[in-house]
Amino acid sequence: MSSDDKRLGQGLSQMNLGRRQILKGLAAMPVASAFGASAFFPSSAFAQAPATSAINTTGLSVTDTEVTVGILHSVTGTMAISETGSVQAEKLAIDQINAAGGVLGRKIKYVQEDGASDWPTFAEKAKKLLVQDKCASVFGCWTSASRKAVLPVFEQYNGMLYYPTFYEGLEQSKNVIYTGQEATQQIIAGLNWVVQNRGAQSFYLLGSDYIWPRTSNKIARKHIENFLKLQVVGEEYFPLGHTQFNSAINKIKLKKPDVIYAIIVGGSNVAFYKQLKAAGIDLSKQTLLTISVTEDEILGIGGENIAGALACMKYFQSLDNPNNKAFVEAFKTAYGPNMVIGDVTQAAYLGPWLWKLTVEKAGSFDIDKVAAASPGVAFDKAPEGYVRIHENHHLWSKTRVGKARPDGQFDVLYETAELVEPDPFPKGYQ
Amino acid sequence: MFMGYSLGELGSIFAMQAFAGLILFSVFVLMSLGLAIIFGQMGVINMAHGEFMILGAYMTYLTSQAFHAFAPGLYGIYFFVAMAVAFCASGALGMLVEWSMIRFLYKRPLDTLLATWGLSLIMQQAFRSIFGAREVGVELPDWMMGSLPITDTIEVQINGLFVMGLTTLIAIAVYLLMFRSRWGLQVRAVVLNRPMAGAVGIDTERVDRFTFGLGCGIAGIAGSAFTMIGSTGPTAGQLYIVDTFLVVVFGGAASLAGTIASAFTISQAQSTMEFFMSGSMAKVLTLLVVVCILMVRPEGLFVLKVRR
């Protein structure tokens with residue numbers, strides 16, 4: 001931890017300056033910040049840019065002054081609720097990078113496509129971004145289903161995808177950088193923490209019925225039973241969109257687990273926590289650990305219904321470090337003071353920055369060179385602290401446990417001392 | 001799974017489980033009554049039913065915001081005002097929709113299906129544009145949260161009691177309206193024989209409009225009540241629509257009593273099975289049983305004998 005802190009400290013003084021300028025810039029031109037800042041910066045900043053022919057040998061959309069990237073999220077349909085924050089974070093990062101001089105002397109221009117919460121649409125739009133727009137990289141996708149849909153497209157047309165969501169793991173591709181945590185990073189630290197600090201002996205696993213909760217609970221069960229030698233007293237799944245949890249809550253009352261481990265998503269989440277509270281389960285006494293509730297979800301659930309629950313992920317808006325303070329301030333300046341920032345939003349913000357750093361390390365926009373240069377790229381201005389790309393294209397990152405407050409924010413109770421190694425194909429957990 | 005529990009513990013669990021079943025029953029009745037009225041009395045399949053419910057939920061949200069801002073002292077009772085507002089808003093929109101769209105489609109039932117589905121998409125996107133894509137949190141007065149401890153181990157959810165009371169009231173009101181009022185008489189006359197009803201001087205268009213408005217208004221109240229147990233977002237209506245249709249179709253489309261009987265059967269089956277197996281499996285089994293029964297009795301549980 002201490003070495004990271006030092007690194008943070010060193011980066012800090014330069015960074016504050018940069019951020020302040022950016023903030024001023026953003027405040028002065030709200031329109032530009034909404035549509036992608038461009039043309040506002042003197043061209044002298046781009047004077048030493050290398051020749052386009054040298055840094056773009058594969059026909060990507062790179063000119064002497066501009067490079068085109070894609071943003072591919074759902075802004076309509078069911079998933080819009082979750083993906084809106086990611087889009088905002090990616091645009092903010094792009095604006096900030098442009099304000100700081102762009103990438104290899106080129107300003108970033110983005111093309112945004114709407115996946116419309118429909119997986120075949122995602123694949124189609126991904127193809128359009130790669131084939132027609134020749135995007136040098138794409139920031140996008142949210143659900144695992146959409147990522148699985150676009151993966152063959154990115155591999156076939158050799159594109160680069162920065163994927164922000166925490167997910168179930170069991171995947172690795174040359175063409176994807178996973179800026180969220182994979183399952184073992186997110187799960188194991190949290191379980192260990194409740195065992196050590198809450199004396200937990202028995203667990204009740206709950207989840208929505210699809211790949212992410214099922215895979216995550218499988219890992220959790222293996223860890224609880226094989227490594228911690230403790231007991232899982234129940235495991236249960238509900239259809240997506242399920243709204244009636246009274247029977248499940250009665251079962252939980254009967255089993256009296258030390259920890260309720262909940263991976264429920266979407267509208268079900270709201271129903272689950274409201275009914276849990278109505279049934280008289282007091283989350284300040286009953287330990288509940290979740291990996292699916294961020295500040296975004298609490299907006300819908302209502303802070304008073306979930307206060308006291310523990311969440312385990314890598315980022316909370318309330319993190320107390322200078323990087324994060326600057327990030328939260330910039331985000332609120334750009335999108336309004338009532339915005340909340342969840343784990344995935346922060347991970348989405350990392351995407352454009354990591355890509356910029358990788359391109360500069362590779363000295364080229366070529367996809368193959370960027371993919372090869374990715375391992376080892378470190379970003380010390382990340383709001384979550386310091387992150388580094390692993391050989392397996394996931395991020396080294398810290399895992400934190402937060403306790404929900406009635407105002408919808410989290411108090412951070414714990415963070416891992418070291419960065420947690422990503423392990424998308426964990427041995428002993430399959 | 002009952003090993004190692006005392007008789008008293010088991011007793012209280014069964015009591016709470018029975019109560020959970022009753023809550024689910026009330027929820028099902030509340031959400032399907034509006035649809036059953038429209039479907040049963042007018043033959044219109046309203047695919048936008050869920051969106052009318054969510055309109056009610058958003059009205060509740062707005063009312064709570066208004067009370068927060070202008071009358072914080074009366075916050076404890078805002079929910080009753082909110083339900084009235086929800087009823088009026090959904091009902092008024094329902095009548096508008098009937099007047100502008102549905103009335104041209106009475107002779108083309110499949111087209112109403114398509115038209116109301118389109119309406120549901122329009123309403124979803126309208127919610128998204130007006131209230132934002134994210135879910136909104138509807139805050140409840142303190143007295144409506146939590147539970148009443150009956151004994152040491154039995155606790156009764158207050159919002160569950162509230163939903164049960166509300167459902168009973170609305171069911172009685174609908175019964176009185178349909179079977180004890182002059183207006184209900186007109187509605188039933190129109191259902192049985194539209195040309196004849198028109199010939200004896202009943203304004204059938206007006207009856208249609210009010211029936212549709214009533215169905216949508218009840219959906220609005222249901223949506224308002226469901227802010228206690230579920231989410232309020234642009235697409236949240238979709239969460240209820242499948243269960244709603246299940247209850248109405250299973251009960252026999254033209255019969256209100258059938259809707260209530262079917263809601264009772266499905267809710268008890270689902271709640272009991274959920275206790276003994278995973279939520280997903282319980283749902284699968286419930287659907288399977290309903291499909292099997294509908295194969296034997298395609299008209300549903302209760303059939304209204306009508307000469308067409």
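Two residues are taken to be in contact if their C-beta atoms, placed from the backbone, lie within 7 Å. The model shown here is predicted.

Chain A contains 15 helices and 15 strands. Of its 430 residues, 56% are buried. Among the contacts in chain A with a separation of 6 or more, 72% are between residues 24 or more positions apart.

The domain assignment divides chain A into domain 1, covering 2–181 + 318–397, and domain 2, covering 183–313 + 403–415. Where the two meet, the contact takes 17 residues from domain 1 of chain A and 18 residues from domain 2 of chain A. On the domain 1 side, helix H4 (80–99) and helix H14 (343–362) of chain A each supply at least two residues. That side of domain 1 has seven nonpolar, eight polar and two charged residues.

Within chain A, helix H7 (residues 183–198) and helix H8 (residues 211–227) give an example of helix packing. Two packed helices are described by the angle between their axes and the distance between the axes. For H7(A) and H8(A) the angle is about 40° and the axes are 10 Å apart. Angles under 35 degrees count as roughly parallel, and 65 to 115 as roughly perpendicular, and H7(A) and H8(A) are therefore oblique to each other. Their crossing is right-handed. From H7(A), the contact uses A:Ala183, A:Thr184, A:Ile187, A:Ile188 and A:Leu191, and from H8(A) it uses A:Thr215, A:Ser216, A:Ile219, A:Ala220, A:His223 and A:Ile224. By class, these residues are seven nonpolar, four polar and no charged.

The next step is from chain A to chain B. The contact between the chains takes 33 residues from chain A and 36 residues from chain B. On the side of chain A that touches chain B, at least two residues each come from H4, strand S7 (231–238), H9, helix H10 (267–278) and helix H11 (295–301). H10(A) gives the most to this side, with seven residues. By class, the side of chain A that touches chain B has 13 nonpolar, 14 polar and six charged residues.

One helix pair spans the two chains. Helix H9 (residues 246–255) of chain A packs against helix H1 (residues 7–42) of chain B at an angle of about 165°, with their axes 9 Å apart. An angle over 145 degrees counts as roughly antiparallel, and H9(A) and H1(B) are therefore roughly antiparallel to each other. H9(A) passes H1(B) in a right-handed crossing. The residues that meet are A:Asn246, A:Ser247, A:Asn250 and A:Leu254 from H9(A), and B:Ile13, B:Met16, B:Gln17, B:Ala20, B:Ile23 and B:Leu24 from H1(B). This contact has six nonpolar, four polar and no charged residues.

H10(A), noted above for its seven residues on the side that touches chain B, also holds A:Ala278. Is A:Ala278 buried or exposed? A residue is buried if 20 or more other C-beta atoms lie within 10 Å of its own; A:Ala278 has 27, so A:Ala278 is buried. Leaving aside its neighbours within four places in sequence, A:Ala278 is in contact with B:Met145, B:Gly146, B:Ser147, B:Gln157, B:Ile158, B:Asn159 and B:Gly160. By contrast, A:Asn192 is 86 residues from A:Ala278 along the chain, and their C-alpha atoms are separated by 29 Å.

A:Ser144 lies in helix H6 (residues 144–156) of chain A. With 19 other C-beta atoms within 10 Å, A:Ser144 is partly exposed. Beyond its neighbours within four places in sequence, A:Ser144 is in contact with A:Tyr167, A:Glu168, A:Ile211 and A:Trp212. A:Ser144 and A:Thr165 are 21 residues apart in sequence, and 8.4 Å apart in space from C-alpha to C-alpha.

Two loop residues on either side of helix H5 (119–132) remain. A:Ser117 is in the loop between strand S2 (107–114) and H5 of chain A. Phi of A:Ser117 is near 55°, a positive value in a residue other than glycine. A:Ser117 is buried, with 23 other C-beta atoms within 10 Å. A:Lys134 lies in the loop between H5 and strand S3 (138–140) of chain A. Phi of A:Lys134 is near 50°, again a positive value in a residue other than glycine. A:Lys134 counts as partly exposed, with 18 C-beta neighbours inside 10 Å.

Technical notes
Residues numbered from 1 in each chain as written. Chains lettered and ligands numbered in written order. Predicted model: local features only at pLDDT ≥ 70, side-chain atom pairs only at ≥ 80, totals over all residues. Axes fitted to C-alpha atoms, helices over the stretch in contact; angles between N-to-C directions. Helix = DSSP H or I, 4+ residues; strand = E, 2+ residues; numbered from the N terminus. Left-handed = near helix turned anticlockwise from the far one by under 90°. Nonpolar A, V, L, I, M, F, W, Y, C, P; charged D, E, K, R; others polar. Domains from an automatic or database assignment. Buried ≥ 20, exposed ≤ 12 C-beta atoms within 10 Å, placed from the backbone.
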